[in-house]
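Let's walk through this fold together, one element at a time. Please have your viewer open.

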Amino acid sequence: MVSGVHIQYYFVCHRKLWLYSKNIQLEEGHERVQTGKILHEPAYKNSDKKELTVDNIKIDAVDGEYVREVKVTSKMTKADRWQLLFYLYELKKRGLNKKGLISYTKEKRTEEVKLTEEDEKELERIIEDIYQIMEQPHPPGVINSPICTKCAYYDFCYAEEGEE
Ligand code: SF4
């Protein structure tokens, strides 16, 4: 089942998505993820807003008509936006019509996200594409992007390349 993490990785790197789908999960303990968790906590520390988990959806907080997500920086804005749109889409399928808010902790900025019919169609295409990538027998190639140095799979990807 496609989750918010799959949607994120789809926009970050298809190889990362494939590796994650094979349960090769190196994110635990990774510096950026830990920083994210640390920055995450104060955002709702004195709040009665609750994390929401429904099947494949894990949302940071539900706040009236909004669902909220907290991110460290806006470096992955497109991935963050589509992840939240995916949550709104999944909630809508369950009869809950919500809007979204993404808060970027470092920049102290919040963006509103609304799900449109075009977004829903695009999400259906994205989800189909994700299944196709996950079903590939071999991982997609490395992307040689600056983001690779910050990725938990860096050693895995580039050590493998070096051996070829
Ligand atoms: S290191 Fe780069 S190529 Fe490898 S999974 Fe991460 S982002 Fe993708």
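Is α4 mostly covered or mostly exposed? Mostly covered: 12 of its 17 residues are buried, where buried means under 20% relative accessible area with a 1.4 Å probe and protein chains only. Among them are W82, L85, F86 and Y89. This is a predicted model, in which local features need pLDDT of at least 70 and side-chain atom pairs count only at pLDDT 80 or more, while totals for chains, interfaces and linings use all residues. Residues are numbered from 1 along each chain as its sequence is written, and side-chain values use heavy atoms, leaving out hydrogens and water.

Helices here are DSSP runs of H or I with at least four residues, and strands are runs of E with at least two, numbered from the N terminus. At 1.5 Å a residue, times one less than the number of residues, the 17 residues of α4 should span 24 Å, which agrees with its end C-alpha atoms being 24 Å apart.

Now look at the largest nonpolar core: buried Ala, Val, Leu, Ile, Met, Phe, Trp, Tyr and Cys residues joined through side-chain atoms within 4.5 Å. Of its 32 residues, V2, I7, F86, L123 and I130 touch the most other members. The helix α4 gives the most to this core, with 8 residues.

On to the strands, which pair if DSSP finds at least two bridges between them. β3 runs antiparallel to β2, joined by 3 bridges, and V62 stands opposite V67 in β3. With β4, β3 pairs in the parallel sense over 6 bridges, and V70 stands opposite S103.

Note on methods
Buried means under 20% relative accessible area, exposed over 50%, partly exposed in between (1.4 Å probe, protein chains only).
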